[in-house]
Amino acid sequence: MTAQLLQLETAPDLVDQVYRALLDAISAGALAPGQRVTQEELAERLAVSRQPVMQALRLLKRDGFVQDAPLAGNAGRSRGLQVTPLDPAWIAQVYEVRGALDTLAARLAAERRAHIDPALIEQGRQAVDAGDIKAMIDADLAFHRALYQASANPLIEQSALLHWHHIRRAMGEALQHDGLRDPVWDEHAAIAQAVAQGDADRAEALMREHSHQASLYLGAQAAPAASAPSPDNSVVR
């Protein structure tokens, strides 16, 4: 008798949904760096049981987005979990790698005179106008992924996306302020134009400067968040 495969559910797994919801909240700053979190509170806010929240928090801890929270007055012990504080040095290291990949993607895409859909840039500007931080982050990812794909080297996209969620966190913190919002999309538009014109040297130079400035800005925004006292909400049990 031939073994039968069970039908798979088409809806995303609940743990995955909770993981993504919490990751979005961390990236957008709704769950701030250093904030203590509890299974009970998160389960109530997401209208789910504690079990998928517990599993999602384990995954977030594995991926470095939450960590053991220090016990007040005793640094050697821990008390539940907190959102991992932003580390400016880590952000700088991530951007060193991402900048190199983005610069290579821009050059290769320009050599192919690739066309980056202007709607992606318009999507980013609309997100800025709406003040929607999650939409700004999503639009930024969409633009960069389009550039990676235009390079015709699939390894660039695969490598760049490895640490994308950590970049999302830094962007979420930085985009709380207005200073980075409009310039990002002006720079994206200039890069797309250089790529379409086949000006590989200019596309590469613009992307290098774009990545450098983003790294400096995000690192500067992360530094106060990393040193700020963490809100004493409650703890995960």
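Select helix 5 (residues 118-130) and helix 6 (residues 133-150). Their axes come within 8 Å and cross at roughly 165°. Axes here are lines fitted to C-alpha atoms over the stretch in contact, with angles from 0 to 180 degrees between N-to-C directions. Helix 5 is therefore roughly antiparallel to helix 6 (angles over 145 degrees count as such).

This is a predicted model, where local features need pLDDT of at least 70, side-chain atom pairs count only at pLDDT 80 or more, and totals for chains, interfaces and linings use all residues. Residues are numbered from 1 along each chain as its sequence is written, and side-chain values use heavy atoms, with hydrogens and water left out.

Now show the side chains at the crossing. On helix 5, pick Leu120, Ile121, Gln123, Gly124, Ala127 and Val128. On helix 6, pick Ala135, Met136, Ala139, Ala142, Phe143 and Ala146. These residues make the contact (heavy atoms within 4.5 Å). The contact has 10 nonpolar residues, two polar and no charged; Gly counts as polar.

Next, go to serine 151, in the loop between helix 6 and helix 7 (154-160). Its relative accessibility is 5%, so serine 151 counts as buried (under 20% relative accessible area, 1.4 Å probe, protein chains only). Leaving out residues up to four places away in sequence, serine 151 touches Ala105, Leu108, Ala109, Arg112 and Ile156.

Finally, zoom out to the protein. It has 10 helices and three strands, taken as DSSP runs (H or I, at least four residues; E, at least two). Buried residues make up 43% of its 237 residues.

Conventions. Angles under 35 degrees count as roughly parallel, over 145 as roughly antiparallel, 65 to 115 as roughly perpendicular and the rest as oblique. Buried means under 20% relative accessible area, exposed over 50%, partly exposed in between (1.4 Å probe, protein chains only).
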